[in-house]
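Reader: I am new to reading protein models. Could you walk me through the terms with this one?
Author: Gladly. Here it is.

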Amino acid sequence: MTAPARPPAATGPMDAAVLGRQSGRLAADLRDLAGFLPDRVGTAWHELYGPDGAGGTPRSVCLVGDGDSVHAGTAAEAAFEHLAHLPCEVQPAQRFLGYHVRTAAPGTLVVAVSASGRTERVLQGVAAARARGLRTLGISGSATSPLADATDAHVAVGLPDLEPSPGIRTHQASLVALLVLALRAAETTRGTEWATRTRAELPGLADGIAATEAAVRERASAWGRTLTDAPVIAVLGTGPAEGTAGYAAAKVVEGAGVHAYGRDLEEWWHVERFAAPLDTPLVVLAPHGPARPRALELAERALALGRRVALVTPAEGTEDLDDRIVLLPVHGTAREEFAPLLHQIFAAHLALGIARGLGRSPFQRHRPTGPALR
């Protein structure tokens, strides 16, 4: 199994180019993950509910994690609800540990996600869930991680040739594992044939990832180099895209040391649009789906407010938009529940461009003292 992507107490320089290298591996990784994960997820499911389902089925799902893991959960929530027809909640680990675990309904499957498998609050949340009699499934990068030992069943998503970096390949691996798990759950609610047919769409998205990578690599990085004066950057999305927004903002923070945040797009319009400075950069995610018309409208209205706006979206339907909006085109076709796999590609390159413009290293490792802020 592979080492975690982010070793503890790392010091010394880190070339921001690692962001681009990691992103360039995503298409090949998806092909691999789509090949081996269904068997691993199936084995874990049998451990939880028995090979013939004699142990029952989950009545609901709760996805627990921190950082990229909770963003992956937010991106996958709709897959459990729309594809598996299961109620699903996403909980940051501390909130789950302090509050939600006490009221989680019997029959809830608690899915704990941690790339390293060592996140302290996640492990404590698993222990609290098991103490309440809830079934637990872990997703981490190693079959020998503490999370693998702590949960009733575990899925290892380890990838080869990882290097110290903000979590890019590990985030995709966690997200794909959650999507495959949702489709395994869908076998109990919509039938094996439907779930198998839908799962077969995943490896086909690798071509779209590669095409999107080629389309946004230079464009996102170049736009990032123009944003070095920005005190904060907002990334907006809703539905599954809200998870993508949180992930993308995290890459800007980790990769370039710039304050960024992900937000539901309508919540941003109601509150943060009033914040100065008025030229604060804004990235709007507009995948195909019921919210796309509102996302396109919001991008133009934010531009009119003075924001610097980039739009991450399939190119069709954008012909009449103001040409001052920077278009980061998404290639490939995916149902909305799988669309985060395509719409997150820009994030590493945006962070790389900002980091290069500012002369910074990921995790503030350009500083002699490491990540300590001055």
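Reader: What makes S6 count as largely enclosed by the rest of the structure?
Author: Burial does. Buried means under 20% relative accessible area, exposed means over 50%, and partly exposed lies in between, with a 1.4 Å probe and protein chains only. In S6, 5 of the 5 residues are buried, so the strand is largely enclosed by the rest of the structure. One caution: this is a predicted model, so local features need pLDDT of at least 70, side-chain atom pairs count only at pLDDT 80 or more, and totals for chains, interfaces and linings use all residues. Residues are numbered from 1 along each chain as its sequence is written, and side-chain values use heavy atoms, with hydrogens and water left out.

Reader: How do you know that both faces of S6 are covered?
Author: Look at each side. Ile233, Val235 and Gly237 are buried on one side. Ala234 and Leu236 are buried on the other. In a regular strand the side chains alternate between the two faces of the sheet.

Reader: What pairs with S6 over 3 bridges?
Author: S8 does, also in the parallel sense. Val235 has Val283 as its bridge partner in S8. Leu236 has Val284.

Reader: What is the strand order of the open sheet?
Author: The order is S7-S6-S8-S9-S10, with parallel pairing across 5 strands. S7 (260-264) and S10 (326-329) are the edge strands, because each pairs on one side only. Neighbouring strands are turned by 20° against each other on average, direction ignored.

Reader: Which strands does H10 lie across?
Author: H10 (residues 240-256) lies across S6, S7 and S8. Its angle to S7 is about 175°. Axes are lines fitted to C-alpha atoms, for helices over the stretch in contact, and angles run from 0 to 180 degrees between N-to-C directions. H14 lies across S6, S8, S9 and S10, at about 170° to S8.

Reader: What makes H1 largely enclosed?
Author: In H1 (residues 17-24), 6 of the 8 residues are buried, so the helix is largely enclosed by the rest of the structure. The buried ones are Ala17, Val18, Leu19, Gly20, Gln22 and Ser23. Their cover includes H2, H7, H9, H10 and H14.

Reader: Why is Thr136 called buried?
Author: Its relative accessible area is 0%. Thr136 is found in S4 (residues 135-140). Contact means heavy atoms within 4.5 Å. Leaving aside neighbours within four places in sequence, the contacts of Thr136 include Leu48, Val110, Ala150 and Asp152.

Reader: Why is His85 called partly exposed?
Author: Its relative accessibility is 48%, so His85 counts as partly exposed. His85 lies in the loop between H3 (68-83) and S2 (88-92). Its phi is near 60°, a positive value in a residue other than glycine.

Reader: What makes the pair of Trp45 and Tyr49 tilted?
Author: Rings of Phe, Tyr and Trp (its six-membered ring) pair if their centres lie within 6.5 Å; planes under 30 degrees apart count as stacked, over 60 as edge-to-face and the rest as tilted. Trp45 and Tyr49 are 4.9 Å apart, centre to centre, with 50° between the planes. That is a tilted pair. Both residues are buried. For Trp268 and Trp269, the centres are 6.4 Å apart and the planes at 45°, so this pair is tilted as well.

Reader: How do you know that Arg335 sits over the ring of Phe338?
Author: A charge sits over a ring if NZ of Lys or CZ of Arg is within 6 Å of the ring centre and within 35 degrees of the ring normal. The charged end of Arg335 is 5.8 Å from the ring centre of Phe338. Arg190 lies over the face of Trp194, at 3.8 Å from the ring centre.

Notes
Helices (H or I, at least four residues) and strands (E, at least two) are DSSP runs, numbered from the N terminus. Two strands pair if DSSP finds at least two bridges between them.
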